Amino acid sequence: MVERRDLTSNRLLYDRTRMHRSPAVAKQLADGFSSNKCLASCLARSVSRSLRFVFLKYLFNMSEVVHPQESVYNLIPKEKVEIQKPPRYVSKFRPMVALEKELAKDAMRTMGPAKVEVPSPDKYLKKHSKEAKLSEKTQSFKEAHHTCDAKKPPVPLRTEMPLMGIHTKRDFIKTATVVPMKPQPTCVDTNKGHKQQLINSGLVPKYIKKKNYGEVPEYLQQRNEEEQKAQEAYDNYVKDQKEKGAMKHLSDEERQAILKGLKKNWDELHHEYQSLSLVTDTLSKKAHKECLEVAMKQLENDINLIERFKTIYIPSN
């Protein structure tokens with residue numbers, strides 16, 4: 001009779017589980033069917049796959065219990081092992097970092113406005129308070145200029161005698177007979193009457209009347225002498241080498257032939273350079289292009305050198 005009542009309650013729990021399909025109800029159902037393995041297996045076959053997996057997992061975890069709470073082994077006193085944690089790491093640079101942070105901290109980077117002294121309500125903005133004021137010295141001079149407080153020296157009396165016996169070294173006769181200095185000629189260059197001396201205006205030929213006008217400057221004479229000496233030294237060196245037979249003068253026909261050959265070689269390289277592909281996507285194309293550019297640059301330098309100098313000496317060897 002007791003077993004039939006248990007089956008009835010378990011059947012109601014099973015129906016509720018199928019209605020909700022939740023893992024929590026499956027756990028409750030497994031707790032109710034732990035005594036009856038047959039009903040548990042029937043429920044595991046009938047419910048859905050997800051609920052069946054939760055139900056079987058809970059039954060498997062219940063079967064793994066080896067030692068229940070009421071066991072003889074629990075009477076044996078166990079030693080408590082205290083795990084000692086290592087001390088917490090604290091950097092040695094922490095005080096220095098905190099100090100730098102306080103020093104570099106701005107006033108307005110905190111929450112709210114800066115903590116400054118609030119102005120007094122008596123110091124409100126008054127009229128003409130922001131206008132520029134004159135200094136005390138200028139103000140006193142201005143007031144003294146407009147007032148008539150300063151008195152002139154008194155007029156001498158009739159009874160006072162003037163100072164006698166004062167002598168001076170100035171010759172009034174000579175200064176009176178001196179011819180007055182002629183005024184400097186000026187010119188007016190604006191319609192508002194601006195004047196300047198005529199000699200500095202550029203209207204008078206002042207530069208061509210200099211003593212050394214038209215002469216070669218000294219630094220040019222010195223440079224010409226140095227060039228002449230260097231040319232004489234080079235000519236002497238070439239003459240000595242020709243006497244020894246170490247140098248040979250290049251004739252005009254040979255010079256023109258060499259120049260023509262260099263230009264022909266440059267044209268061939270230029271034609272080959274123009275026939276290259278526009279895209280240099282490989283290393284071989286890039287290296288070939290750079291080689292042609294170097295060769296053309298060398299030929300251009302040689303052509304300019306031969307065209308610049310008419311007289312060329314080459315070693316006889």
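The model is predicted, so local features need pLDDT of at least 70, side-chain atom pairs count only at pLDDT 80 or more, and totals for chains, interfaces and linings use all residues. Residues are numbered from 1 along each chain as its sequence is written, and side-chain values use heavy atoms, with hydrogens and water left out.

Let's start with confidence. The chain has an average pLDDT (the predictor's confidence in each residue, from 0 to 100) of 77, and 70% of the residues score at least 70. Over residues 16–23 the pLDDT is below 50, yet beyond near neighbours in sequence this stretch has 13 contacts (heavy atoms within 4.5 Å) in the model. Residues 33–40 also stay under 50, with ten contacts beyond four places in sequence.

Now to Arg-255, which sits in helix α9, residues 252–274 (helices are DSSP runs of H or I, at least four residues, numbered from the N terminus). Leaving aside residues up to four places away in sequence, Arg-255 touches Leu-250, Ile-306, Glu-307, Phe-309, Lys-310 and Ile-312. The side chain of Arg-255 also reaches the backbone oxygen of Phe-309 at 3.3 Å.

How do the residues compare in exposure? Buried means under 20% relative accessible area, exposed over 50%, and partly exposed in between (1.4 Å probe, protein chains only).

| Residue | Relative accessible area | Class |
|---|---|---|
| Arg-255 | 6% | buried |
| Cys-187 | 11% | buried |
| Cys-291 | 52% | exposed |

As for disulfides (pairs of cysteine sulfur atoms within 2.5 Å), the structure holds zero.

Notes. Helix = DSSP H or I, 4+ residues; strand = E, 2+ residues; numbered from the N terminus. Polar contact = N/O pair within 3.5 Å; in protein donor to acceptor, adjacent residues only side chain to side chain.
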